[in-house]
Amino acid sequence: MLTEKPPQGLISLVISILAYISLTQIDKVMHIGQQESLVVSIIFVLLIINLAFQLSFQVEYVAERLKEPYGTMILTISAVIIEVVIIVMMLSHTSSTTLARDAIYSAVMLDINGILGLCAIVGGIKYGEVEYNVNSGNTYIVMIMTALGISMVLPAFLPPEHWRMYSMFTIITMSVFYALFLKMQTGRHRNYFSYRDQHNKDGVGDMVSRKTIVDVRLAIVYILVGILTIGLLSEEMSMHMDSGLSGSGVPPIVAAIVVAIIAASPEVLTALKAAVNDRMQTVVNISLGATLSTVILTVPVIEAIALIQNKPLIVGLSPTQMVMTFLTLVVATINLHDGETNAIEGMTHFVLFMAFAMLATLGM
């Protein structure tokens, strides 16, 4: 049994595939106008979100069996892969040069201010002070600052003629940066990302049975098939969304926010469950790990696409986005410095998330 509810997951996968086939066939034989395209794109968004939620059960199963830090690492990387797939599909059907930047920025706001803030509120209301390994918070924040600074702040001040050289630098730097981080996270500094190992530097994970290994492999196969299906759905979604939103006056960042919401949907459920069960360490690993993975993995992919197509994409944050990112990281640095958080600290992040949502409605 892959998860607690494997039949539901398989049914969602089958329904998604059948819906994809049906809607693409309808699209071929019928003329679809702007309003119809918008409706179809919403249907695809709902299908993708539903499938992403079902994948979260599989990912959660893998996370529980592999223990920390492998569990949340699988979860965050799965979410980032979904985000990268959707962004790549949408970039092939839009003329927007800021879609990828806005999607990454939206994901950062959603992960840190949305997920972390909401979970800190939930955990704080239920338990008061909720604790986690302070080393994980400090490590994540400093790496997120470095990755964002190199890949999304400095490019805003870069002369346009140097974009190719800096893109290659970003691809190499971020790839090496993340590889070294994974080596430390799963090796020498593994105890940083597990609350139970905070005072036990020799702590090791539990032994995994042969049956569990087989079940985990089957779950991973299901996840991969699900991500492939999401990619197919995303291609159709992007075509209809671009047609449906064209000339509608809807702020361009809305499409990017949709991407961020879809990518984060597998994480939200797991993080909220962890907050309710007083497992703030899992919340920190998910929210900050997803933020780091989003920046450090997505940017090199879109930079590589830009180089291959010889078409520069805007990855430098806008002034408003820079201010929001700066406020978010400063607040996170202050809140995560002592190994415990509460509802008040969660509220500060959630207020920033509401500010992000307000600015998005204004097209900023």
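Helix 4 and helix 10 run roughly parallel to each other, a label that covers angles under 35 degrees, with over 145 counting as roughly antiparallel, 65 to 115 as roughly perpendicular and the rest as oblique. The model is a predicted one, in which local features need pLDDT of at least 70 and side-chain atom pairs count only at pLDDT 80 or more, while totals for chains, interfaces and linings use all residues. Residues are numbered from 1 along each chain as its sequence is written, and side-chain values use heavy atoms, with hydrogens and water left out.

Back to that helix pair. Two packed helices are described by the angle between their axes and the distance between the axes. Here, helix 4 (residues 99-127) and helix 10 (residues 319-335) pack at about 25 degrees, and their axes lie 11 Å apart. The axes are lines fitted to C-alpha atoms, for helices over the stretch in contact, and angles run from 0 to 180 degrees between N-to-C directions. On the helix 4 side, Arg101, Asp102, Tyr105, Met109, Ile112 and Asn113 meet Gln321, Met324, Thr325, Thr328, Leu329 and Ala332 of helix 10; contact means heavy atoms within 4.5 Å.

Arg101 and Asp102 also pair up with each other, in a salt bridge whose closest N and O atoms are 3.0 Å apart. The rule asks for a side-chain nitrogen of Lys or Arg within 4 Å of a carboxyl oxygen of Asp or Glu, and by it the count comes to one salt bridge. Both partners are buried, that is, under 20% relative accessible area, where exposed is over 50% and partly exposed lies in between (1.4 Å probe, protein chains only).

As for the overall layout, the protein has 11 helices and two strands, taken as DSSP runs (H or I, at least four residues, for helices; E, at least two, for strands) numbered from the N terminus. Along the sequence, the order is α-α-α-α-β-α-α-α-α-α-α-β-α. Of the 364 residues, 52% are buried. Among contacts with a separation of 6 or more, 88% join residues 24 or more positions apart.

Helix 6 (residues 163-185) has 23 residues and should span 33 Å at 1.5 Å a residue, which agrees with the 32 Å between its end C-alpha atoms; the expected span is 1.5 Å times one less than the number of residues. Its buried residues include Trp163, Tyr166, Thr170, Met174, Tyr178 and Phe181. Trp163 counts as buried at 15% relative accessibility. Leaving out residues up to four places away in sequence, Trp163 touches Leu158, Ala306, Leu307, Asn310, Lys311 and Pro312. Trp163 and Lys311 are 148 residues apart along the chain, yet their C-alpha atoms are separated by 10.0 Å.

Two more positions round out the picture. Thr298, in helix 9 (residues 280-309), is buried, with a relative accessible area of 1%. Beyond neighbours within four places in sequence, Thr298 is in contact with Val80, Glu83, Val84, Ile87, Ile104 and Ser293. Lys273, in helix 8 (residues 253-276), counts as partly exposed at 30% relative accessibility. Lys273 touches Phe57, Glu60 and Arg279, again not counting residues up to four places away.
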